[in-house]
Amino acid sequence: MKKTVLITDLDNTLFDWFDVWYNSFNAMLEGVVNISGISRETLIPEIKAIHQKHGTAEYAFLLEEIPSLNKKYGGRDAIRKEMNEAIESFRSEREKHLCLYPTVKETLIMLKRHNVRVVGYTESKEYYSNYRLQQLGLDGLIDVLYSPPDHKIPDYRDNKTSGLLCHTINKHTPENELKPNPALLLHIINEIGASPEECLYIGDSKMKDIAMAQDAGVTDVFAEYGISHFNDKKDIRYDLLRNVTHWTDEDVERERKINSNGRLVVPSFVAKQFSDIIPFFLSPSEGLTKEERLKIKVDIWKTVVNTQQHFNDLEMRIRNYAILILSAFIGAIGVSFKSGFVINFFDIHIAASAILNLAAAVIWMLFYFMDVYWYHPLLKGSVEQGMRLERNINYELNGLIGLAQTITDKSPRSIWFWRNLRSTGKAKLFYKSIFFLLVISSVLLFLADVPSPKESFQSLKHSKYIQPNLILDENVDSISEA
């Protein structure tokens with residue numbers, strides 16, 4: 001069934017929440033340590049207590065409530081003044097790392113253009129959820145945002161939550177109602193006037209998001225791209241999150257029960273990137289303008305051209321290696337022939353140069369098979385695919401693209417009595433000509449008058465290059481006797 005409603009988790013589904021949190025929080029904490037001289041070991045337990053008190057690891061007024069800072073500086077106004085540099089470090093890092101995952105915004109724009117309703121559902125508090133949507137340009141792309149109500153705003157502070165979003169409607173989930181709660185998800189679906197069958201839910205947690213969607217009868221998609229950093233168990237950055245987490249012992253026990261309930265959660269669908277959900281809402285011909293379709297076709301054509309270049313480069317490397325190895329064999333054949341090395345095989349004297357020449361011919365043909373029958377068909381296939389794409393694209397570009405077709409048209413050549421010789425024929429002519437010469441030279445070397453090993457030794461013995469100090473007569477048994 002074609003979907004008309006997208007319900008999406010926010011953190012680690014639309015953007016990398018942990019990356020934003022760690023870099024901004026750690027920068028602030030380092031600033032506080034450097035400015036105040038108070039150690040991390042002292043600050044972290046105090047921070048954790050404040051986070052647990054307010055039920056979030058993103059408490060906006062954290063510094064003003066840290067006991068050690070109050071004791072040192074005497075109150076919130078002085079703290080904010082002294083910690084201004086640390087606060088600016090937090091904001092700078094947050095701005096630097098707060099960005100959407102690839103394809104998120106483009107996908108949401110496309111879905112909205114086709115009247116798909118988009119609902120956000122997060123366990124993060126309202127204020128920072130609103131702030132991130134506003135900063136990421138998602139105000140209005142998400143129709144309704146369901147989140148827990150924000151933590152209590154201190155009496156001396158104005159409520160900043162209102163006014164951040166102009167188009168997205170804020171709604172609250174019931175207090176202390178958390179994922180995975182299929183009844184809560186069904187309540188959201190009912191409240192927006194939809195049915196489970198027309199909804200799709202995407203999230204990054206199998207136990208919370210996927211299990212909840214399946215229990216509610218909603219099509220589920222696992223945002224696999226959102227858990228990449230969680231796979232690194234040795235990532236020491238998580239130590240900081242664990243040390244200052246807002247989770248209470250009850251929260252930890254609840255999470256333990258969720259993860260140890262023995263249920264194997266298998267996602268119905270897995271998204272490698274956010275745009276993988278598009279086919280659930282739009283047919284392939286929908287959602288793309290003429291210009292977008294043309295751009296996709298041109299991008300595919302570029303990939304095919306790169307593939308052609310890749311296989312052509314592989315073939316040229318094979319030929320270069322073949323020539324290099326053949327050159328080495330020719331050098332070895334020349335040295336062997338000049339030196340008169342022979343091999344005695346069942347009283348048949350064979351020149352070592354002939355054996356080397358034959359081996360060169362065999363190895364040369366192995367390169368021939370690898371080139372002509374292995375990689376060349378792949379090159380031809382990529383060229384043919386490029387021609388098909390060019391014919392399709394040129395209906396819209398009036399024949400501006402024609403690389404593959406031009407290569408094909410210019411390839412045939414006539415060489416002597418070979419007519420219209422194409423790339424395959426040229427390669428065969430190249431390899432077979434050299435193979436023929438190697439075979440002829442091998443035959444000539446085999447038929448050449450080859451001295452016996454003894455004759456070769458005698459010839460070598462009387463060579464002007466080797467003058468022995470002592471030659472034993474065949475009747476003398478030892479040097480001492482001589």
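Partly exposed here means a relative accessible area between the buried limit, under 20%, and the exposed limit, over 50%. D313 has 34%, so D313 is partly exposed. The model is predicted. It holds 16 salt bridges.

**Salt bridges**
- D313 and R317 pair through their side chains at 3.0 Å, N to O. Both sit in helix α14 (residues 290–339), four residues apart, about one turn of the helix. R317 is partly exposed at 46%.
- Shared partners join the salt bridges of D9, K179 and D209 into one network.
- Within it, the K179 and D209 side chains meet at 3.0 Å, N to O. K179 lies in the loop between β4 (169–172) and α9 (182–191), and D209 in helix α10 (residues 206–215), so the bridge ties together parts 30 residues apart in sequence. Both K179 and D209 are buried.
- E30 and R40 form a salt bridge at 2.4 Å, N to O. The pair links helix α1 (residues 17–36) to helix α2 (residues 40–54), 10 residues apart. E30 is partly exposed at 32%, and R40 is partly exposed at 24%.

**Around S268**
- S268 occupies the loop between α12 (249–259) and β7 (269–271). S268 is partly exposed, at 44% relative accessible area.
- The S268 side chain makes a polar contact with the D220 side chain at 2.6 Å. S268 also touches Q214.
- V221 is 47 residues from S268 in sequence, yet their C-alpha atoms are 6.4 Å apart.

**Nonpolar surface patch**
- A nonpolar patch of about 770 Å² includes I343, L358, V439 and F446. Helices α15 (352–397) and α17 (423–447) each supply at least two of its residues.
- F446 belongs to helix α17 and is partly exposed at 36%.

Definitions and conventions: Residues are numbered from 1 along each chain as its sequence is written. This is a predicted model: local features need pLDDT of at least 70, side-chain atom pairs count only at pLDDT 80 or more; totals for chains, interfaces and linings use all residues. Side-chain values use heavy atoms; hydrogens and water are left out. Buried means under 20% relative accessible area, exposed over 50%, partly exposed in between (1.4 Å probe, protein chains only). Contact means heavy atoms within 4.5 Å. A polar contact is a pair of N or O atoms within 3.5 Å; within protein, one must be able to donate a hydrogen and the other to accept it, and residues adjacent in sequence count only if both atoms are side-chain atoms. Patches are made of residues with over 30% relative accessible area and no salt bridge: like charges are joined within 9 Å, nonpolar side chains (Val, Leu, Ile, Met, Phe, Trp, Tyr) within 5 Å. Accessible areas come from the Shrake-Rupley method with a 1.4 Å probe; for residues, only the protein chains shown count as cover. A salt bridge is a side-chain nitrogen of Lys or Arg within 4 Å of a carboxyl oxygen of Asp or Glu. Lists of a residue's contacts leave out its neighbours within four places in sequence.
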